[in-house]
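The report that follows goes through one protein model, moving from single residues to the chain as a whole and back to local geometry. Please read it with the sequence and the coordinates at hand.

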Amino acid sequence: MSLTQVWLGLGSNIDQQQHISAALLALSNALQDMQCSPVFESESVGITSSNFYNLVVTGSTSLPLFELSAILKKIEADNGRYDKNKKSLPLDVDLLLYGEQVGEFDHITLPHTGILKNAYVLLPLSLLSPFHKHPVLGMTFSEIWRHSQSEINQKLWMIDTPWLCF
């Protein structure tokens, strides 16, 4: 069974430690050799809310793209993502990269467009996998971060976290 390396963006703006810890535990069942970036706190982008905690996770999986996507949706749902009464985002799990796949796959865009737009995705990704290349641009994530810092005007800062990757 072949393995595909994937990168996921995790974010939460309510009970962040609880939801991110739950997501990491659930992801440890779907990913092998899981690694996590540092966690960053950032001001919300696009919505008015409390600050977010964000990080990027990488690991290998034997799951096909759509099975992995379904698992990510279930992890979000288990953490209240789709509760109509919530006015916050308990957990967001975005599939950033699935191997070297490029294109639109039934509402899944790869690579995820947020990589190039959001500091809270690109900075943790560049720290976790600095020499991995963006499958379209052919530049490493550390190079992309260096070139885009002045264009991405978002405030974020690294925080100490009591949880670890599983």
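## A buried leucine and its setting

Leu24 counts as buried because its relative accessibility is 0%, where buried means under 20% relative accessible area, exposed means over 50%, and partly exposed lies in between, with a 1.4 Å probe and protein chains only. Leu24 is found in helix 1, helices being DSSP runs of H or I with at least four residues and strands being runs of E with at least two, numbered from the N terminus. Although Leu24 and Cys165 are 141 residues apart in sequence, their C-alpha atoms are 6.5 Å apart in space.

The model is predicted, and local features need pLDDT of at least 70, while side-chain atom pairs count only at pLDDT 80 or more, and totals for chains, interfaces and linings use all residues. Residues are numbered from 1 along each chain as its sequence is written, and side-chain values use heavy atoms, with hydrogens and water left out.

## The chain as a whole

The protein chain holds five helices and eight strands, and their order along the sequence is β-α-β-β-β-α-β-β-β-α-α-α-β. The radius of gyration, taken over C-alpha atoms, is 15 Å for the protein chain, which agrees with the value near 15 Å for a compact globule of 166 residues; the globule rule is 2.2 Å times the number of residues to the power 0.38. Along the principal axes, the C-alpha atoms fill a box of roughly 40 × 40 × 30 Å.

Of the 166 residues, 48% are buried. Where contact means heavy atoms within 4.5 Å, 67% of the contacts between residues at least 6 apart in sequence join residues at least 24 apart. The protein chain exposes about 8,700 Å², and carbon and sulfur atoms supply 51% of that area, as given by the Shrake-Rupley method with a 1.4 Å probe.

Helix 4 (residues 119-128) is largely enclosed by the rest of the structure, because eight of its ten residues are buried. The buried residues of helix 4 are Ala119, Val121, Leu122, Leu123, Pro124, Leu125, Ser126 and Leu128.

Tyr98 is found in strand 5 (residues 92-98) and is buried, with a relative accessible area of 10%. Leaving out residues up to four places away in sequence, Tyr98 touches Thr4, Gln5, Val6, Thr61, Leu63, Pro64, Leu65, Leu68 and Leu110. Thr4 is found in strand 1 and counts as buried at 19% relative accessibility; beyond its neighbours within four places in sequence, Thr4 is in contact with Gly59, Ser60, Thr61, Tyr98 and Gly99.

Asn13 is found in the loop between strand 1 (4-12) and helix 1 (16-27) and, at 3% relative accessibility, counts as buried. Not counting residues up to four places away in sequence, Asn13 touches Ile47, Ser49, Ser50, Asn51, Phe52, Ser88, Leu89 and Pro90.

| Side chain (polar atom) | Backbone atom | Distance |
|---|---|---|
| Tyr98 | oxygen of Leu63 | 2.7 Å |
| Asn13 | nitrogen of Leu89 | 2.7 Å |

## Backbone geometry in the loops

Most residues other than glycine have a negative phi, and most peptide bonds are trans. In the loop between strand 1 and helix 1 lies Asp15, whose phi is near 45°, a positive value in a residue other than glycine; Asp15 counts as partly exposed at 45% relative accessibility. His107 also is not a glycine and has a positive phi, of about 75°. His107 lies in the loop between strand 6 (103-105) and strand 7, and at 75% relative accessibility it counts as exposed.

The peptide bond from Leu110 to Pro111 is cis, with omega near -10°, and Pro111 lies in the loop between strand 7 (108-110) and helix 3 (114-117).

Technical notes: A polar contact is a pair of N or O atoms within 3.5 Å; within protein, one must be able to donate a hydrogen and the other to accept it, and residues adjacent in sequence count only if both atoms are side-chain atoms.
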